[in-house]
Amino acid sequence: MRPAPAVSGIRLRAALALVHRDPRWWLKCLGYGAAAATGLGLPLAAGFVMESLDNSRRGYPTPLPPWSAPSLRALTGLFALLIDVAFFVLPLLIGGVLMVGVSLALLVAGPPVAAVAPWVLTAIALLTALVVLLVFVAGAAPVGRLRFAREGRIEEALDLATLRYALSPPRRGLFLRARLASLPAYLPAMLIAGITWRLASLRFPGQSLVVAPGVWLTMAALVYAHLVVVQLYVAAEAELQRRGGN
């Protein structure tokens, strides 16, 4: 089988077309979305996306990975999820711990000092949000997955060097273009999640019969979005190599 042409340039339309070239793309997204919706199947879905990334880097972006080797795919997915935890969940946890610690310290200090607690906590929350936003815009998690696929060493993908790598020129501009191009791919998941959240806040007979499919479709839409993100970042990496970067 000859390598399929990669995404030509960092363009959303080309990335979508490449995913859609597999006639069963929607079925695979629904299947792995169902696995992810259970919680326990998250590694399996992440492994599917990671395998798509690896195939795309090797020149075989389509068809999408077949239904095979679930154990190996789940193990790869666990490593991929560790990258997400390191760059998204960990900053949130650190921010939460800081807020709890500062709150306790200000309460112990007494009423005069405790009066500034809302300002201090707001500042910590804003700083945490800015860090998470920076990590997202820089594409630290997708870049970490690229490094993991290329080098095969999870410890290097988890290192802060990944963030520095993503933010250093000329990579910074290319990865920023990939991130901006990827944003519309998340819209279906956000729309379905919003509707599901709204329905979950209501009380009506058979609510679970409506909310459960909403969660499933949200996760399927996220799997789809991540497949698109894969193609955009692989295209960014290919453009970097064409420019003589690494």
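L90 is found in helix 4, which spans residues 70–109. Helices here are DSSP runs of H or I with at least four residues, strands are runs of E with at least two, and both are numbered from the N terminus. The model is predicted, so local features need pLDDT of at least 70, side-chain atom pairs count only at pLDDT 80 or more, and totals for chains, interfaces and linings use all residues. Residues are numbered from 1 along each chain as its sequence is written, and side-chain values use heavy atoms, with hydrogens and water left out.

**Overall build**

- The protein has 12 helices and zero strands.
- Read along the sequence, the pattern is α-α-α-α-α-α-α-α-α-α-α-α.
- The C-alpha trace spans about 70 × 55 × 30 Å along its principal axes.
- Of the 246 residues, 40% count as buried. Buried means under 20% relative accessible area, exposed means over 50%, and partly exposed lies in between (1.4 Å probe, protein chains only).

- L90 is partly exposed, because its relative accessible area is 41%.
- L90 belongs to a nonpolar surface patch with V85, V89, L93, I94 and L98. Together these residues have about 500 Å² of accessible area.
- Patches are made of residues with over 30% relative accessible area and no salt bridge; like charges are joined within 9 Å, and nonpolar side chains (Val, Leu, Ile, Met, Phe, Trp, Tyr) within 5 Å.
- Accessible areas come from the Shrake-Rupley method with a 1.4 Å probe, and for residues only the protein chains shown count as cover.
- G95 also has its place in helix 4. G95 is buried, because its relative accessible area is 4%.
- G95 and V131 are 36 residues apart in sequence. Their C-alpha atoms are 9.8 Å apart in space.

**Salt bridges**

- The structure holds 12 salt bridges. A salt bridge is a side-chain nitrogen of Lys or Arg within 4 Å of a carboxyl oxygen of Asp or Glu.
- R145 and D84 meet through their side chains in one of them, at 2.5 Å, N to O. R145 lies in helix 7 (residues 140–151) and D84 in helix 4, so the pair ties together parts that are 61 residues apart in sequence.
- R145 is buried, because its relative accessible area is 9%.
- R147 and E151 form another salt bridge, at 3.8 Å, N to O. Both lie in helix 7, four residues apart, which is about one turn of the helix.
- R147 has 10% relative accessibility, so R147 counts as buried. E151 has 24%, so E151 counts as partly exposed.
- Salt bridges that share partners join R57, R147, R150, E151, R153, E156 and E237 into one network.
- The side chains of E239 and R243 also meet in a salt bridge, at 3.1 Å, N to O.

- The axes of helix 2 (residues 25–37) and helix 12 (residues 207–242) come within 7 Å. They cross at roughly 120°, so helix 2 and helix 12 are oblique to each other.
- The axes of helix 7 and helix 12 come within 10 Å and cross at roughly 70°. That makes helix 7 roughly perpendicular to helix 12.
- Axes are lines fitted to C-alpha atoms, for helices over the stretch in contact, and angles run from 0 to 180 degrees between N-to-C directions.
- Angles under 35 degrees count as roughly parallel, over 145 as roughly antiparallel, 65 to 115 as roughly perpendicular, and the rest as oblique.
- Helix 2 passes helix 12 in a right-handed crossing. Helix 7 passes helix 12 in a right-handed crossing too.
- A crossing is right-handed if the near helix is turned clockwise from the far one by less than a right angle, and left-handed if anticlockwise.

**Backbone features in loops**

- The peptide bond from T62 to P63 is cis, with omega near 0°. P63 sits in the loop between helix 3 (42–57) and helix 4.
- A69 has its place in the loop between helix 3 and helix 4. A69 has a positive phi of about 45°, although A69 is not a glycine.
- A69 is partly exposed, because its relative accessible area is 45%.
- The peptide bond from P169 to P170 is also cis, with omega near 0°. P170 is found in the loop between helix 9 (161–167) and helix 10 (171–182).
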